[in-house]
Amino acid sequence: MADTLTQLPGGSETILIVDDHETIWDFLITALMKLGYTVLLAENGEDAVEIYRNNPGEIDMVLLDMVMPKCGGHQTFLILKSIDPQVKVLLSSGYVSETEVEDLLEQGACGFLPKPHRLPVVIKAIRQVLDGRAVAVG
C-alpha cells in the first residue's frame, strides 16, 4: 500500500467518513491519514449529522454510504444540506438505485462511487471533490 499511496494526491483537509462497515473504515482511514488528511468517522446517519452539526466549518467533505442503519444516506444527505447548503458530499454504495443516486446528484451531491472501492479511485475522487471538480458518476 505504501508504494501506491506515494503516487496518490494528498491533502490536509478534514473528511467525515459515514459507513457502517468496519472493513471500509480501516483501509480508508489508514490511507487518508497517511496522505495527510484528518479523518472523522460516523457509523450511521444520525452520528454523521451530530458530528457535522458539532463541528461547523471544520469538515471539508463527507464520504457518505447510502445504505446504513439509523438514518440512511438519502435522508442524511438532505439533513446535511439543510445544515450547510455548501456541504460537499461524495456518495458511495454497493446497493442503491440509479434513481436515488440521480436524485441526490441533482440536489447537489458531488459524485457517486460504487462499492467495492478501489483505493486509487476513491482517493482521486476525494481530491476532485475537495478541489471543486466534477467526479465521474459510477
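Modeller: Residues are numbered from 1 along each chain as its sequence is written, and side-chain values use heavy atoms, with hydrogens and water left out. In this predicted model, local features need pLDDT of at least 70 and side-chain atom pairs count only at pLDDT 80 or more, while totals for chains, interfaces and linings use all residues.

Biologist: Why is H117 called buried?

Modeller: Buried means under 20% relative accessible area, exposed over 50%, and partly exposed in between, with a 1.4 Å probe and protein chains only. H117 has 13% relative accessibility and therefore counts as buried.

Biologist: Which residues is H117 in contact with, leaving aside its neighbours within four places in sequence?

Modeller: Contact means heavy atoms within 4.5 Å. On that basis H117 touches I24, F27, L28, S92 and V122.

Biologist: What makes β4 mostly covered?

Modeller: Helices (H or I, at least four residues) and strands (E, at least two) are DSSP runs, numbered from the N terminus. In β4, residues 89-93, five of five residues are buried: V89, L91 and S93 on one side, L90 and S92 on the other.

Biologist: How do you know that β4 pairs with β5?

Modeller: Two strands pair if DSSP finds at least two bridges between them. Four bridges link β4 to β5 (residues 111-114) in the parallel sense, and S93 stands opposite P114.

Biologist: What is the handedness of the crossover from β4 to β5?

Modeller: The chain passes through helix α5 (residues 98-106), and this β-α-β crossover is right-handed: with the strands pointing away from the viewer, the path from the first strand over the helix to the second runs clockwise.
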